[in-house]
Amino acid sequence: MASRHVTKRAKYKTTIKDPGTPGTLRLTLEKILFVPHNPKSAGKLDVEFRFIKGQKHTKEGSNKPPWLNLTNNQNGSFIFEFENYSDLQYCRDFVGKVLAKSGEVSEKPTVTYPDEQLSAAEMELRIKLLQEDSELQKLHKQFVLSDVLTEAEFWATRKKLLDTEANKKTKQRLGFKSAMISDIRPSTDGRTNKVTFNLTPEIILQIFAEKPAVHRAFLSYVPNKMSEKVFWTKYFRAEYLHSTKNSIAAAAEAAEDEELAVFLKLDDILASEARWKIRRVDPTLDMEADEGDDYTHLPDHGIFRDGSKDMTESQNELYRRTLSQDINRHAAVVLEGRAVDVDLDDTRAVAEALAWSKQESSTKRESDGDTNQERLARVSRMTEIEDLQGPNNLPSAPLCIKDPRDYFDSQQANALRTSGDALGRTEQIKCSLSTQEVYGSLRQSISVIKAMGLKDPIVKPEVAHQVFDALTNSISTTKYHIGKNPHESVLDRLPKKTKDELLHHWTSILELLKHFWASYPITTSYLYTKVNRLKDAISNIYPQLEEIKGSVPSELRHQVSLLVHPMLQALDAAIQHYEADMQKRSTGSVDKPNGYV
Amino acid sequence: MAPAPSKLYADDVSLVVVLLDTNPFFWSSSSLSFSQFLSHVLAFFNAILTLNQLNQVVVIATGYNSCDYIFDSSSDLNRSFENGRMPVMCSSLLQKLEEFLIKDEQFSKEEPDGRIKSSLLSGSLSMALCYIQRVFRSGALHPHPRILCLQGSPDGPEQYVAIMNAIFSAQHSLVPIDSCYIGAQNSAFLQQASYITGGVHHKPQNLDGLFQYLMTIFATDLHSRSFLNLPKPVGVDFRASCFCHKDTIDMGYICSVCLSIFCKHHKKCSTCGSVFGQAQSEVASASDKKRKTPET
C-alpha cells in the first residue's frame with residue numbers, strides 16, 4: 001500500500017443522522033471515490049480534492065463512532081464512518097497530506113515541514129553531495145521525494161558530511177599554470193598590417209608576478225601618466241620588438257620613448273633580487289662540480305658564436321632578452337604560488353595587492369639578523385670533522401618485545417580447543433613407550449609390509465562404498481549451503497541486479513529505522529505523524545523483499561531468504577514496537593503531553 | 001584460487017609432493033597401523049603414476065627430528081630390490097624410509113615425557129617448496145606442482161611462524177597445499193594452509209577406507225578440479241586469541257604499532273610499550289532529533 005492512495009471500508013453519510021451507506025472509500029492524490037457495496041444504492045461519490053477545504057473528525061477517546069467529515073468549498077460536507085479509529089487516523093493523515101500539498105488550508109495540518117532558511121551555499125553543498133554519491137542520491141530520491149522523510153531530517157543525520165564538504169571547499173588554492181601564458185603570441189591579420197594581442201586578467205596577473213619592473217611601471221604610470229590601454233599598448237609594442245629580435249630597432253625606439261624603454265630594458269628589480277639571492281646561498285650546500293661544468297676555460301665559454309657579431313651585440317646587451325631567462329623566471333613564479341586573492345578584473349587592485357604582498361615578504365627578509373646567525377652556526381656545525389668527535393651519548397629506550405613463543409603457544413592451544421573437536425578439550429593420547437621402542441616398532445612395520453607386500457584388497461569393497469557414499473552426501477550438502485569456492489560470498493553469486501537491490505534495501509532500511517527509533521518516545525504530534533509515515537514506508541518494504549525472493553532462480557532462493565531474514569527481523573521489531581505503542585495509547589493514559597491528540 | 005599458470009605440455013600433468021608423517025610416537029598409538037597406512041599410500045602413489053605417463057611423485061618424510069627426501073619417481077636411481085612381492089618402486093621407497101628412520105633415531109636426545117610431540121611439518125613444507133622452485137626453474141615445460149600433506153601428529157605451536165611463512169610462499173607461487181589429517185583432533189594449521197592456498201583439506205572418518213578417500217579427493221590434477229566438487233570445510237577457524245587472557249575473541253582492540261590484540265581497553269600495549277591515546281567519542285550528529293524538530 002503505497003501512500004499514493006488509501007482504500008478503506010466506510011459508510012458514507014450525507015448528514016449526521018443518516019445511517020450511512022456501506023461501501024469502499026478510496027482516496028487518491030487527486031480525488032475521493034466512494035463506491036457503495038450495493039450497486040443499486042445512490043451513494044456513489046466522486047469528488048476531487050481540489051474542492052475539499054478541510055476536514056474534521058471525532059475524537060478517539062470520546063464515545064462517538066469514528067467519523068471523518070470533509071468539508072468542501074460550497075460548505076457541503078461528506079461524512080464517512082470508519083470501522084475503527086486507526087482507519088480514521090490513516091485517512092485523516094492522508095487527507096491532511098494531500099491538502100497540505102495542494103496548498104489548501106487544512107484544519108489541522110497533519111504534516112508540517114519545518115521551515116528551513118537554507119542559504120544558497122547550503123543548497124549547493126547538498127546538491128554537490130548528492131551528485132557525487134549515487135547511493136545517497138538514491139536514498140534521497142526514495143525518501144525525501146516521496147515524502148517519507150523531510151529534507152531537514154534527512155540532512156540532520158549527515159551533518160558531518162556537510163561539514164567536511166564545506167571545509168574542503170575553502171582549503172585548496174589554485175596556483176599558476178605551468179604554461180607560459182604571459183608569453184603572448186599575437187595574431188596577425190594577413191591582409192592589414194595590424195597585430196592583435198589578447199589580454200585576460202589571468203595573464204595580467206602573471207605578467208605582474210613575473211616582471212616586477214612592469215609591475216612597478218604600472219603602479220607609477222597608471223592612472224597618472226597614461227591610461228591602462230596606452231600602457232598595455234606600449235607594453236605590447238615592446239614585446240613585438242623583442243620578438244623580432246631586432247635589438248637595434250629596440251634601442252632606437254627606447255631612446256625615443258622613455259616609457260617604452262622601461263619595457264625594453266632588462267628588469268632591474270629581478271637583477272637586484274638575483275644578486276641578493278646569490279649572496280645568501282648556503283655555503284654548506286653540497287654541489288659537486290666536475291669537468292663538464294667547467295666552462296670558463298673553454299673558448300667563448302662553450303658557446304659557439306660568430307665572431308663578427310660581437311661588436312654590435314655588446315652595445316645592445318641591455319635590449320636582449322633570452323628565452324632561458326624568461327623560462328627561469330616563470331618557473332620561479334609558479335613555484336612561489338599565488339600570493340594574490342583579489343578579483344582579477346580590476347587591474348589596479350591586482351597590482352596593488354601584489355605590491356603589498358611583495359612588501360610583506362621583503363620586510364620579512366629584512367628582519368634577518370638572527371637567520372644569518374643561525375646560518376653561521378649551522379655552517380660551523382657542518383664543517384665539524386667526524387673522526388675527531390666524541391661519542392654521541394643520546395639517551396635510548398630499550399626495546400621490549402615479548403617472546404613470540406609465549407603468544408603462539410597459547411594461540412595454538414586455543415585453536416585446538418575451539419576448533420570443534422568432539423572431546424571439547426585437547427586430550428592428547430599418552431604415549432608411554434621409550435624412543436627406542438617406538439622407532440623399533442615403526443621399523444618393524446616396514447619390514448612386515450616388505451615381507452607381505454601390499455594388502456589385498458587394498459580396501460574392502462563395502463568400506464569403499466561406504467566412504468564414497470558419505471563423501472558424496474557431505475559434498476552435496478555443503479555445496480548447497482556454501483557454494484563451490486570457499487572464498488566466494490553469497491552475494492557474488494546472485495545476479496547483479498538482485499545484489500544491488502538487496503544492498504540498496506539494506507541501506508534504506510537502516511535509514512528508515514534510524515529515524516524511526518530516534519522518534520521514540522513520542523512527545524509531540526510532529527513525531528507522531530513522522531512515525532506514522534515511517535511505519536507506512538516500512539510496511540511497503542515487505543512486498544518488495546518478497547518480490548526479490550521470487551525473482552531469483554530457485555537454487556539461490558534459500559540464500560536470498562537467509563540474507564533477507566535479518567532485514568525482516570529488524571522491520572518486524574520496529575512494527576511490533578509501533579503497534580505496542582499504539583495499543584498503549586489507545587487504551588489510554590490519562591495525561592497526554594501538550595498538543596498531542 | 002586458480003591453479004598454477006601452465007607452462008606445460010598438457011593440462012593434466014601433475015607433480016605431487018607428498019609429505020609423509022613418520023612420527024613414531026604418533027604411529028605407535030594410532031588406530032591405523034603404519035603398515036596398513038603404507039599399503040594404502042603406496043597403492044595411491046601407483047595410481048597417480050598410472051593416471052598420466054608424465055605424472056611425477058616425490059615423497060618427503062616428516063620425521064620427529066629431521067626430514068628427508070625419500071622417493072622421486074622421475075629419478076633413475078630406483079634400484080631394483082626385486083623380491084617378488086613388491087613392485088620395484090615400492091621397495092626402493094621402503095628401503096629409503098628405513099634408512100631415514102635409523103638416521104632420525106640417532107638424532108633423538110631425550111626420553112619422551114608422555115605427550116605426543118609434533119613432527120617437523122615446517123621443515124618438510126620448506127623442502128617441498130624448494131623442490132618445487134627447482135622444478136619451476138628447470139625449463140619451459142614442467143607439470144603443475146602441488147603438495148599433499150598426510151599428517152597425523154598434532155600441530156606444534158613453536159612451528160607456527162615457519163609454517164605460516166611456508167603457506168604464504170606457497171600461496172605466492174600458486175602451489176595448492178592439500179591436506180589429509182588422520183590424527184585424532186583437528187589441525188588448525190592444515191586447515192588454514194589449504195584454505196589460503198586453495199587446496200583441499202579433509203579428515204577421513206573411516207580410516208579403513210583411506211585409499212578410497214585418497215583416490216576420490218586427492219588424486220585428480222589441478223586442471224580437472226575446476227569441474228569437480230571436492231569437499232570443503234564448512235568453516236575455518238581464523239579467530240585470534242587475545243594477549244591478556246589467551247581467549248579466542250572476534251572483536252577486540254588492536255595496537256596500531258605492533259598489531260597485538262587485546263580484549264579489553266588497556267592504557268599501554270604490553271608487547272611494544274606504546275601508550276594508547278584517548279578514545280574519540282563519537283559526536284552524534286543526529287544527537288537529539290526530538291529537540292530539533294519544531295513543536296506545532
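Helices (H or I, at least four residues) and strands (E, at least two) are DSSP runs, numbered from the N terminus.

## Ground rules

This is a predicted model, where local features need pLDDT of at least 70 and side-chain atom pairs count only at pLDDT 80 or more, while totals for chains, interfaces and linings use all residues. Residues are numbered from 1 along each chain as its sequence is written, chains are lettered from A and ligands numbered from 1 in the order in which they are written, and side-chain values use heavy atoms, with hydrogens and water left out.

## Helix α5 in chain B

α5(B) covers residues 160-172 and has 13 residues. From first C-alpha to last, α5(B) reaches 18 Å, close to the 18 Å expected at 1.5 Å a residue (that is, 1.5 Å times one less than the number of residues). Its buried residues (under 20% relative accessible area, 1.4 Å probe, protein chains only) are B:Tyr160, B:Ile163, B:Met164, B:Ala166, B:Ile167 and B:Ala170. Look down the axis of α5(B) and these fall within an arc of 160° (taken from the directions from the axis to the C-beta atoms), so they line one face of the helix.

After α5(B) comes B:Leu174, which has a positive phi, near 60°.

B:His202 sits in strand β6 (residues 201-202) of chain B. B:His202 is buried, at 14% relative accessible area.

What does B:His202 touch, leaving aside neighbours within four places in sequence? Its contacts (heavy atoms within 4.5 Å) are A:Leu471 from chain A, plus B:Ser179, B:Cys180, B:Tyr181, B:Tyr213, B:Ile217, B:Phe218 and B:Pro231.

How values were computed
Buried < 20%, exposed > 50% of the residue type's maximum accessible area, 1.4 Å probe, protein only.
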